[in-house]
Amino acid sequence: MNHDQNGITDRPSLLGLLAVACLEAIPPLRQPLWRWWYDTLAQRDADGELLFMNYGFADVLGEAARLELDSADEPFRYPIQLYQHVVQPLALTGKDVLEVGCGRGGGAAFLARYQRPGTLLGVDLSSETIA
């Protein structure tokens, strides 16, 4: 098993594989269970430390330039890299940006600081997740 410098393994956990298999086997449960999980994570984060609610992105092929982050953002490197990976081909500076599914707002904050859109609005279906 391989680990990167942050201890992240390149293999999924057995529990994770089992959860995904159950969700795939019973499609009507998929949406309610994900919604429950999403809300539960937000409710348990009373201190607001859960800034990102995505799985993150690791450039395992080494094709992208290393993203330079402020030291305060470094603990959130993988979730931030997902945002960077998605918006990299876009020129957001000065544009109006809408983030649908903004969760705790960590991604919107990253976009505001590093991409400098003219305006940025984040919305989320779950009132539990809005920070």
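Residues are numbered from 1 along each chain as its sequence is written, and side-chain values use heavy atoms, with hydrogens and water left out. In this predicted model, local features need pLDDT of at least 70 and side-chain atom pairs count only at pLDDT 80 or more, whereas totals for chains, interfaces and linings use all residues.

Helices (H or I, at least four residues) and strands (E, at least two) are DSSP runs, numbered from the N terminus. Two packed helices are described by the angle between their axes and the distance between the axes. For helix α3 (residues 77–87) and helix α4 (residues 106–114), the angle is about 55 degrees and the axes lie 10 Å apart; axes are lines fitted to C-alpha atoms, for helices over the stretch in contact, and angles run from 0 to 180 degrees between N-to-C directions. α3 is therefore oblique to α4, the class left after angles under 35 degrees (roughly parallel), over 145 (roughly antiparallel) and 65 to 115 (roughly perpendicular). The crossing of α3 past α4 is right-handed, that is, the near helix is turned clockwise from the far one by less than a right angle. On the α3 side, the contact (heavy atoms within 4.5 Å) is made by Ile80, Tyr83, Gln84 and Val87, and on the α4 side by Gly107, Phe110 and Leu111. Five of these residues are nonpolar, two are polar and none is charged; Ala, Val, Leu, Ile, Met, Phe, Trp, Tyr, Cys and Pro count as nonpolar, Asp, Glu, Lys and Arg as charged, and the others, Gly among them, as polar.

Buried means under 20% relative accessible area, exposed over 50%, and partly exposed in between (1.4 Å probe, protein chains only). In α4, the buried residues are Gly106, Gly107, Ala108, Phe110 and Leu111, and their cover includes α3, β1 (96–100) and β2 (119–123). Just after α4, Arg116 has a positive phi of about 55 degrees. β1 and β2 run parallel and are joined by five bridges, where pairing requires at least two DSSP bridges. Asp96 has Thr119 of β2 as its bridge partner.

Gln81, in helix α3, counts as buried because its relative accessibility is 15%. Beyond its neighbours within four places in sequence, Gln81 contacts Phe57, Ala58 and Leu67. Trp34 belongs to helix α2 (residues 27–43) and, at 37% relative accessibility, counts as partly exposed. With neighbours within four places in sequence set aside, Trp34 contacts Leu23 and Tyr55.
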